Structures are given as structure tokens and as C-alpha cells.
Protein chains: 2
Amino acid sequence: MSHKLLIIGSMAFDKIETPFQKSDIIMGGAANYTALSAAQFGVPTAVVSVIGGDYPTSFLRLLTQRHIDISGIEIDPQDKTFYWSARYHEDMNLRDTLDTQLNVLAHFKPVVPAAFTDAQVLMLGNLHPQIQIDVLAQMTHLPFVVLDTMNYWITHTYELLEEVISKVDMITINEQEARQLTDEYSLVKAAKRILAMGTKYVVIKKGEHGALLFHEDSAFFAPALPLSEVCDPTGAGDVFAGGIVGYLTKTNDFSFENIKNAVIHGSNLASFCIESLGAERMLSLTPEDINSRLYQFRDLTQFDIKLC
Amino acid sequence: MSHKLLIIGSMAFDKIETPFQKSDIIMGGAANYTALSAAQFGVPTAVVSVIGGDYPTSFLRLLTQRHIDISGIEIDPQDKTFYWSARYHEDMNLRDTLDTQLNVLAHFKPVVPAAFTDAQVLMLGNLHPQIQIDVLAQMTHLPFVVLDTMNYWITHTYELLEEVISKVDMITINEQEARQLTDEYSLVKAAKRILAMGTKYVVIKKGEHGALLFHEDSAFFAPALPLSEVCDPTGAGDVFAGGIVGYLTKTNDFSFENIKNAVIHGSNLASFCIESLGAERMLSLTPEDINSRLYQFRDLTQFDIKLC
């Protein structure tokens, strides 16, 4: 029996401005980025999300071509797809949201397909914590759960978010959000506070500065690959999470040692995502591309310890 | 024959404010920090610098106790020691210089002690590029040279600095300075531009985000150790350089592989420096402290590559 991955998250129309270019309206949303990333591991995967009548079938085909089950994607023909627009600064760790139109997401009631209620790994993409709880409640076997969230939910639904955090195995969160969630400036202290909320692994994303993984009293660091050109960071965090859950589903090994590898795979896949506008580069990736860059990660980080 | 290390740089009185505390007037300056760091490797070391009549012998004794040759430290009894005062932001990667009084540094003519003109490794600490050139000219055998500099010299003595860069083996530079020196925002492009100036190794320091080492077409990344408390980052860059030159002098191996280890040793020693105000923690360090933290660096970064 092969192991299964379930991804919930937004599917969106995005419009993006960087210091170097502007996009048209393109495919976006955490569920799309995460699914395209996890698809590199070839595990049975389903997406639970919602789209409007305006969402093109060509975008859905990008998922079905990769054998991703879309039966859990609700189509609301009377409403429009979630829309998000943002502008990046020269320091692309910073961006301003220009427009957010929830549309179909405002009244989304997720339904997990029966074939995936026993998935081994569940990615709870960034959505209202109540939706995340509703999905968790539909699982018939307890999966390994990875949670993503954002500043909006920390501000507006703190208690509910705390409840979700206590029920998941891992949270991925960026450094500003980790500070906001815990009122701690030090990321080490912030991670300890989040671990104390009841989750086992905390991954703090630092964009071009890499990601820190915390577990009990241990830490692990995955750098971001130094790149000459960053085209567009949109979706990098979701691709990063997709690499983690895809790799964990494939290996079905949830030890700390293997989770280190998962984080490296996530960072590796994210390094491709930022090379193009939107998800474009994710669509042309080959296993050779991925493996050759994994060797770059090894060369970037591995050394023979020699004592003083 | 044991290998020798020569360090030139400032010796200073510092006054430091952080969000948490204010120091009195304390011992500072790149030469002091670098020498105390390199001293951990027990190699014959000399410092070339200048101090005023107001510099206490108790500070000099901190060097002589560690068998550091101070015969190259000029004492100008008619003038005052270099003074520097700064205030750190909550994000301690940022600081404002409150006061700089060059004093003795304004008319410093470095003289390398005869016993160290054949040193195998030379650290050119942050000073006027002309002083750095004057020291280079006194060396009778070509050493492995590591250069540090700062924004002031990039702005005011660009051509002279370019000349020094072309003559050294390695430069350590922070990310803002790397961008200023090359007009490139991408650190990968900036490093390539600096390598093209004629140096073999470029180390870009990113503070709490670690350091990147570039050589030819390769890169290596040394993270900073994630710490609960940062007390005072003053001197961390000089201690980092001290770890590099101390380790290289001890091992006398200037291959890329060994320079990776040197950068890890530098990052390791810098992690101690920021735990106390000024250089205090550097004075109480033991080999056990250092080696146990090297193992933390290993755990933080090492993984078994597993392909996709």
C-alpha cells in the first residue's frame, strides 16, 4: 500500500509586481504551489480547496496531469475565485499586499474525499483556523500534520490558532509571524514557546536566509541556496512545505533525522520556485534538476569537523 | 618550526549601548578581538597597532598573558587612544555610531616586528587601506592575507581599497558593504565582482544569518549558532576573522576544504563573543567550551543526502 498525502489550502488568481516585472493574472494559491512541489515525489495526493466558475480548466489540468486527485476541489459557479495582488520591495523579503478578495473562500466548507480520510500526511495550508480544525475532524486515522498560517490569523483568531497548533506535529511560520505569535524577539525563545503550545516540530522560515528547524532541545538549519537572480518569491513558502510533506509521505519516516532531510528537500524545491514568475519553473522541473541541486546543498553545508 | 600569525588593526576604548544595557568605557578594537580569538589556537602571534598614553597596562596584559607579542604596538604618550561609541537597535544587526575619535590612529605608521615579517598568515584588520599596503610591503615572505574593511573606506578610498583587494587572498565583508563595493544587490553577483578584483576567497558576513564563503564557482555557508540571548554583537566580526586566521595558521593548509573548516571555527568563536558585553566572554573561554559548541555546529548543519 502506498502512502497518501492530503493538502488543503487556497487556489487563487495572483497578480504580482516585483522591482523588475509585473505579472498578468496568473495561477496562485498555497494549495497549487504545495501540490506542484509535493508532486515531485510521486505519491498519491489529493487537494481540498474551492474555486469559482471563473477558474480555467487549464489550471486544473496542471494538477490532474500530475495524477493529483481534484475530487475535493469544490467549484462554486456563482462566485469568483480568491484573488490576491502584491508588490515586492527591492529586498524581496518584504512585500505589500495591494488587494485581497476572498470571494469563494469567504464561505468555504471543506470536504475531504473518502479515499483520503486515512492519508498518512496532512498539509493544513494557510486558511482560517476553523477550516483547518474542520479538516482535522474528518480524518479517520491520525496523520502526521503540518500547519501553515499567517499574521492575519494570529491577530484575529489567536485562541483558535493556538488550538490548531496543539493538534499538529509541525508548524511552518516565518520569522515575523513567530515573533508576533509569541512576543519573543529571539527566534530560539519564540520556537520554545511554540513547542510549548503542543507541537513537536517548529520550522521558522527566513526567506533568503534559510530555515531553522526546532525539536525538543535541538536545532537544524537549512540554508537557502545563494542565487544570482531572484525573480519572484511568491509561493516559495508553500513549495518549501510541499517538499517537506511530499518527502515525508514518500519515506513514511517521521524521525528528527529524516525531518532534517525533508527540510533540505523543501529548501531545494523552493530555490527553483523563486527563479520564475509564479509557479512557472515548478512546471518544468525534472528529477535531474532536483538531484543536481541537492548536491549543491550538500557542498554548501557539509564539512569535516576538526576540533580546536 | 611553528607557523606565525601577524595581526594589524585598531586598539580602542569602546562605549556601547544595547536595548538592554550600557557599558562603561571598555577595551575594544579589531586587533584586540581578533588576537583574543586567534589565541585559542596557541600559535605564535604578534599584534601591530597604536595606543595612547591613556591605555591601561591591564588591557595589554590580556594579550601578553596569552603569549601574544606586543612589541609592534606603538605607544604615543602625547596622544589619546582611539575611541568609538555606538548604540544598537532592537534588531542588533543595526547600529548607529555615536562618536568616533581617531586620536593616535590619525597618524599611525605601522612597523612590523622583525621576527614577524615572515609570518605565514597576515590579518589586515579594518584600517586605512594605505596602512594596510604599508604593512604588506614590510613582509619578506608572501603570507596568506585576510583583509577586513568598512563602508568608510569604500566611500572615501575606493581605488586604494581595490588595490589592496587585488593583493590579498581573502576578504571578509558584511552584506551591506559587499553591495556598496560592487553596486550589486545579489550577494552572489557581488561576490563574483569582488573575486574578479583579484582575491581568491570572499566571505560575506550576515550577522545572525551566518556567513557565505565564495571561491571560484563554489559557495559554502556557515550558519550563526541560534542563541536565546544576544548581549552585544561588538567585535563579533573581528572574532570571526580571528577564528579563521588562527585556525589557518595552526593547520597551515589553505585549500578550499580547510578554509570551510576555518569559517566554521570563526562562526563558532563569534557565537561566544556576542554572549557578553565587549570581549568579556572571550577571556573565560576554554577548549572544552569551544569543542562542545563545534559539535552543536555539526548537529545544526549535517545531514545525509537522500535523493528525490
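Tutor: Over residues 27–281 of chain A the chain is 38% helix and 23% strand, with the end C-alpha atoms 13 Å apart; helices (H or I, at least four residues) and strands (E, at least two) are DSSP runs, numbered from the N terminus. For these residues UniProt lists, in an unreviewed entry, "domain: Carbohydrate kinase PfkB", and such annotations may be inferred rather than shown by experiment. This is a predicted model, in which local features need pLDDT of at least 70 and side-chain atom pairs pLDDT 80 or more, whereas totals for chains, interfaces and linings use all residues. Residues are numbered from 1 along each chain, chains are lettered from A in the order written, and side-chain values use heavy atoms, without hydrogens and water.

Student: What area is buried between chain B and chain A?

Tutor: The size of an interface is often given as the accessible area lost when the parts come together. With a 1.4 Å probe and the loss summed over both parts, the area here is about 4,200 Å², of which carbon and sulfur atoms give 57%.

Student: How many salt bridges does the rule find across the interface of chain B and chain A?

Tutor: A salt bridge needs a side-chain nitrogen of Lys or Arg within 4 Å of a carboxyl oxygen of Asp or Glu, and the rule finds two across this interface. The side chains of B:E229 and A:K189 form a salt bridge, at 2.9 Å from N to O.

Student: Which element supplies the largest share of the side of chain B that touches chain A?

Tutor: That is α11(B), with nine residues.

Note on methods. Buried area = accessible area lost by both parts, 1.4 Å probe.
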